[in-house]
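This report looks at a pocket and then at a helix with one of its residues. Please keep the sequence and the structure in view while reading.

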Amino acid sequence: MEKLKNTLLKYRFLVQLGFLACVLAGIRLVPAPYGKYLTLLLIIIGGVFFCGWACVFGTVQDALFSFGRRFTKFEITVGDRWGKWLWISRYLVLFFAAGALLAVIDARKSLSMLIHKNEIAAAAAAMLGTVLLLSTVMRRPFCRFVCPEGARYGLVSLTRLITVTRDKDLCISCGACDRKCPMAIKVSKSTAVVTPQCISCGECLKACPKSGALTPALRPFKEAVPLALMGVGIWFAIRYAMGIMAQFG
């Protein structure tokens, strides 16, 4: 398991670059609407892999943060007191994200529009610029506090069949997993990471210095299967609601 885990995480950056190249070249790997269904299946199995491995805007934020570390050690962090509430902001955005408002606040889609040379609203461009600048001193600000797509994926990921689990007996409470998590999840205080914020990037697994302390594991079958079925219902309910909202946008 440790060997497989290390092999997968070693190539995560290459996977991110591959998806970035496909977007730049206008290549769609999976025809619509099958891409959405494949994403849904992956979320139910192992969480929000799309955000952690494939999302181009997430990759850009990761790259900008790494770039910023070359020039300064300054980093904007959100304390536990505020962090436990601010993640809810994604769901407020999801609720109000319809029509023109979505174009203004969704910097991830704004990036895609810029790549393909479409006209965008000035407010969307300003939002994009702000997020990109902030990403140099903060880990994935858009993903953590704004992204409506990530919010939808996150809700369904609560049903994930496989998640990161922590062995309390092996854990040395060093906090390395917490420091490396781009979504500021307190992995070191979790028995199993089941939160809508987790993007299944595996950074916590890679950072852990103690073999076996953090491992991907299957959730209890009796607990996971009903939740997975519920997740499918949540997914389609949200998509239906967003479709209705868009008609009035």
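## The second largest pocket

In this predicted model, helix α6 provides the largest share of the lining of the second largest pocket, namely three residues. The elements that give two or more residues to the lining of this pocket are α6 (80-86), α11 (141-145) and α13 (176-180), and the pocket itself has a volume of about 600 Å³.

In total, 23 residues line the second largest pocket, and those that lie nearest its centre are Asp80, Met183, Ala184, Ile185 and Lys186. When the lining is sorted by class, it has 10 nonpolar, five polar and eight charged residues.

## Helix α5

Helix α5 covers residues 56-69, and its buried residues are Val56, Phe57, Gly58, Thr59, Gln61, Phe65 and Gly68. The length of α5 can be checked by a simple calculation: at 1.5 Å a residue, its 14 residues should span 20 Å, and this agrees with its end C-alpha atoms, which are 20 Å apart.

How exposed is Arg69, a residue of α5? Arg69 counts as partly exposed because its relative accessibility is 26%, a value that falls between the limits of 20% for buried and 50% for exposed residues.

Leaving aside residues up to four places away in sequence, Arg69 touches Phe74, Glu75, Thr136 and Val137. One of these, Thr136, lies 67 residues from Arg69 along the chain, yet the C-alpha atoms of Arg69 and Thr136 are separated by 7.6 Å.

Technical notes. Residues are numbered from 1 along each chain as its sequence is written. This is a predicted model: local features need pLDDT of at least 70, side-chain atom pairs count only at pLDDT 80 or more; totals for chains, interfaces and linings use all residues. Side-chain values use heavy atoms; hydrogens and water are left out. On a 1 Å grid over the protein atoms alone, a cavity is a set of points where a 1.4 Å probe fits but cannot get out, and a pocket is an open set with protein on both sides within 12 Å along at least five of seven lines; lining residues have an atom within 4 Å of a point. Grid points are joined across faces, edges and corners, and a volume is the space filled by probe spheres set on the points. Helices (H or I, at least four residues) and strands (E, at least two) are DSSP runs, numbered from the N terminus. Ala, Val, Leu, Ile, Met, Phe, Trp, Tyr, Cys and Pro count as nonpolar, Asp, Glu, Lys and Arg as charged, and the others, Gly among them, as polar. Buried means under 20% relative accessible area, exposed over 50%, partly exposed in between (1.4 Å probe, protein chains only). Contact means heavy atoms within 4.5 Å. The expected span of a helix is 1.5 Å times one less than its number of residues.
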